Amino acid sequence: MEGSTPPEFEVAITTAIAAPEAFGASFDEAPAHGELELGAGLEGDPALAFRRTLGMFATGVTVLTTRVAEQVHGMTANAFMSVSLSPPLVLVSIDRRARMGALMHEGTRFGVSVLEARQTGLSDRFAGRIAEGVAEPSFEIVHETPLVEGALAHLVARVVRSYWGGDHSLFLGQVEFARYGEGRPLLFHGGRYERLVDDPRMFAMLAPELLDPILALGEARKFADGEAIMRIGEPGAELLLVLEGTVRVERPGRNLTLGVGELIGEIEVLDPGGDRIADIHAEGPVRCLAVSRADLIKALEADPRAAIALIEVLAARFRETA
Ligand code: FAD
């Protein structure tokens, strides 16, 4: 995780959970066991087909932790979901055979560490898989609860309800502490780890002889200190090159500063329906060159070599995640 101080807040719990009478009772009884019908092409082991179907739902990866006396126990889990903002509630689903489940009781505090893209080794480790060359995990204690150091986000929750969940048990946790830092999440899809593309550069990857004629079509813009250059949700129909000064890019989970020679809005300008995905402000006086989408298309039509080079950049990106 990059070194900046993560935004951190104690979740104010103002609302006691006023559950209706018999809240959750309907979940305590096992429903009658019905047949699972599988779609065409899913012949073979039905359990495997069901598992693979569920695996199409992409998730992040967490490590659940709890402490018994001075002993820390952790377990990898992707069956984590947010439930309610007020009161703040989350839910985890734990295999009845897992040691973790046996440690979770009403009132037990547990930690949720949302793993960062490079933490596949930790995920394997806490799933009981062989994870060679992975450093011993270290824990930070917050609200008397261990949290895995270096994770992208952390929560501490207290079990307030548990439910029957077939071969799993569901634990509803009231969140007492939450924070997140900067970085990219580890993803899990189709039974394997995935990650988001790291490098969003497109035009910046072009050789100067291909990029310069495109930028030559731009018009100069000036921004005063603190002025918004673009806002999340606005249409992104321009590519901007920073000529003077620095700009602050802010988007959930990712903040950075860009300086002279760097490009802004490279992806949105190629995506006709694409809105801005970041707030960008001038840090001090800033001068930019703005190329409209229409001029950009004209330039690519005039020299298809630049268009081909952009397709090659995209193809390389796909290979990164495949
Ligand atoms: P164990 O199997 O005893 O422990 C798990 C592993 O963590 C062991 O290797 C142990 O050595 C290590 N460990 C525990 N504590 C520490 C510590 N303090 N320091 C260092 N190492 C420690 N199962 C579910 O029930 N629900 C899910 O949502 C879920 N999602 C998963 C998602 C992914 C991506 C993966 C890979 C697995 C998932 N699993 C899930 C499976 C689950 O992680 C494993 O079955 C796990 O082994 C169950 O842990 P356990 O509590 O039985 O403890």
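The numbered points below cover the ligand site, the salt bridges and a surface patch of a predicted model.

1. Basis. In this predicted model, local features need pLDDT of at least 70 and side-chain atom pairs count only at pLDDT 80 or more, while totals for chains, interfaces and linings use all residues. Residues are numbered from 1 along each chain as its sequence is written, and side-chain values use heavy atoms, with hydrogens and water left out.

2. Shell around the ligand. There are 23 residues around the ligand, and His 73, Thr 76, Asp 95, Arg 99 and Met 100 come nearest; a residue is near a molecule if one of its heavy atoms lies within 4 Å of it. The shell divides into twelve nonpolar, seven polar and four charged residues. Here Ala, Val, Leu, Ile, Met, Phe, Trp, Tyr, Cys and Pro count as nonpolar, Asp, Glu, Lys and Arg as charged, and the others, Gly among them, as polar.

3. Elements that supply the shell. Strand 4 (71-77), strand 6 (89-95) and helix 3 (99-102) each supply at least two residues. The largest share, six residues, comes from strand 4. Helices (H or I, at least four residues) and strands (E, at least two) are DSSP runs, numbered from the N terminus.

4. Polar backbone atoms at the ligand. An oxygen atom of the ligand is 2.8 Å from a polar backbone atom of Thr 76. Nitrogen atoms of the ligand are placed 3.1 Å from a polar backbone atom of Gly 74 and 3.0 Å from one of Ser 93. The ligand on its own has 990 Å² of accessible area, and the protein covers 76% of this. Accessible areas come from the Shrake-Rupley method with a 1.4 Å probe; for residues, only the protein chains shown count as cover.

5. In one of them, Arg 158 pairs with Glu 176, with the closest N and O atoms 3.0 Å apart. Arg 158 lies in strand 10 (residues 153-165) and Glu 176 in strand 11 (residues 168-180), so the pair ties together parts that are 18 residues apart in sequence. Glu 176 is buried at 12% relative accessibility, whereas Arg 158 is partly exposed at 31%; buried means under 20% relative accessible area, exposed over 50%, partly exposed in between (1.4 Å probe, protein chains only). Both residues belong to a network of salt bridges that also links Arg 109 and Glu 144.

6. Salt bridges of Arg 221. Arg 221 forms a salt bridge with Glu 238, the closest N and O atoms being 2.8 Å apart. Because Arg 221 lies in strand 14 (residues 219-223) and Glu 238 in strand 16 (residues 238-251), this pair ties together parts that are 17 residues apart in sequence. Arg 221 also forms a salt bridge with Glu 219, where the closest N and O atoms are 3.6 Å apart. Partly exposed is the class for Arg 221 at 25%, Glu 238 at 22% and Glu 219 at 49% relative accessibility.

7. Nonpolar surface patch. Leu 36, Phe 50 and Leu 54 form a nonpolar patch on the surface, with about 290 Å² of accessible area together. Patches are made of residues with over 30% relative accessible area and no salt bridge: like charges are joined within 9 Å, nonpolar side chains (Val, Leu, Ile, Met, Phe, Trp, Tyr) within 5 Å. Leu 36 sits in the loop between helix 1 (25-28) and helix 2 (46-54), and is partly exposed at 47% relative accessibility.

Technical notes. A polar contact is a pair of N or O atoms within 3.5 Å; within protein, one must be able to donate a hydrogen and the other to accept it, and residues adjacent in sequence count only if both atoms are side-chain atoms. A salt bridge is a side-chain nitrogen of Lys or Arg within 4 Å of a carboxyl oxygen of Asp or Glu.
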